[in-house]
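Please keep the sequence and the model in view while reading.

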Amino acid sequence: MSLTRLDCDIFRGRESPADASSYVALNPVAKPAQLVFAGSTAVLQGLGSQVAYRLALEYFMRGVESHYADSGDGQSTREVSQGGEDSVVKLLEDAFRTANSSVYAFGHKLAAGGRMAASLLGMVIDEGRFAAGRVGTGSVYLFRDNQLFPFFGSDEAERAVVGDLEEFPSDLSVQRQAFVGANSLIDVEIASVTLGAGDVICAFSRPLSSLNETLLFQHLEALSAEGFPMTQTPRAAEDLCVDVFTQPDTLSFCCLATVGPEVIYCSKQVA
């Protein structure tokens, strides 16, 4: 199904360090219900990781732009898919590959290998298909029919390190995980699904504990009873984070995307 309505709201904590994380959200083809979102955080203290997260975002988006440029001006991923290939997944793979190779090459050019490391979370909604990918920390959830589904497997060790407050992990923690720029090759966790009216996507810069997940479900369930997501309120992402986290102001980013009912979209003016 080709979606025609998508509401998106983003929250960033007021105490989140400006030099440690950022995000980008855009509609790459200027068509209804299309979204590309990427959020990146530094995983080490120091200039190298601060540069890494900025470069990761920049080159991730360059990978997205290149994908659409190669597919044809203004075309969605579905319009250029071949052989049944899930093109939103291919788009994410290309974008993550571009980001990692660029950050890794930049680090070694400056003899800063190992210190150029960043966590990166990316999402794409295109022609009714949704895909999410991550390298490092971060979490994505789908709320559908009063059920909450995580996109990535739980990692209790990761939760123990990050908890409810985003902090820089130790060097040992970084060595145990794959981050953008830390190695020449990376493993990207990617999951995809077909979206429908009423679906809600929640993405966070940190993993959620079992308690966080319970609070997230309760928040969305209560809103659903009031007609959400068909009637999304202002500051929806901030209100969600306040209910889910004990320290929401330290959150680097939260992206809340809701799929509304199918509507008629008029793209051309004839008179």
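## Terms and basis

Two strands are said to pair if DSSP finds at least two bridges between them. Helices (H or I, at least four residues) and strands (E, at least two) are DSSP runs, numbered from the N terminus.

The model is predicted: local features need pLDDT of at least 70, side-chain atom pairs count only at pLDDT 80 or more, and totals for chains, interfaces and linings use all residues. Residues are numbered from 1 along each chain as its sequence is written, and side-chain values use heavy atoms, with hydrogens and water left out.

## Strand β6 and its partners

The hairpin of β6 and β7 has two residues between the strands, and Asp145 in the turn has a positive phi of about 50°. Strand β7 (residues 147-150) pairs with β6 in the antiparallel sense over four bridges; within this pairing, Leu142 stands opposite Phe149. Strand β9 (residues 200-204) also runs antiparallel to β6, joined by five bridges, and Cys202 in β9 is the bridge partner of Tyr141.

Buried means under 20% relative accessible area, exposed over 50%, and partly exposed in between (1.4 Å probe, protein chains only). Strand β6 (residues 139-144) is largely enclosed by the rest of the structure, because five of its six residues are buried.

Strand β4 (residues 118-126) is mostly covered, with nine of its nine residues buried. In a regular strand the side chains alternate between the two faces of the sheet. Ala118, Leu120, Gly122, Val124 and Asp126 point one way from β4, while Ser119, Leu121, Met123 and Ile125 point the other way.

Strand β3 (residues 35-42) runs antiparallel to β4, with eight bridges between them; Leu35 has Ile125 of β4 as its bridge partner. Seven bridges join β4 to the antiparallel strand β5 (residues 129-135), where Phe130 stands opposite Ile125. The hairpin of β4 and β5 has two residues between the strands, and Glu127 takes a positive phi near 50°.

## Ser16 in a loop

Ser16 lies in the loop between β1 (6-11) and β2 (21-26). It counts as buried because its relative accessibility is 8%. Leaving aside neighbours within four places in sequence, Ser16 is in contact (heavy atoms within 4.5 Å) with Ser21, Asp249, Thr250, Leu251 and Ser252.
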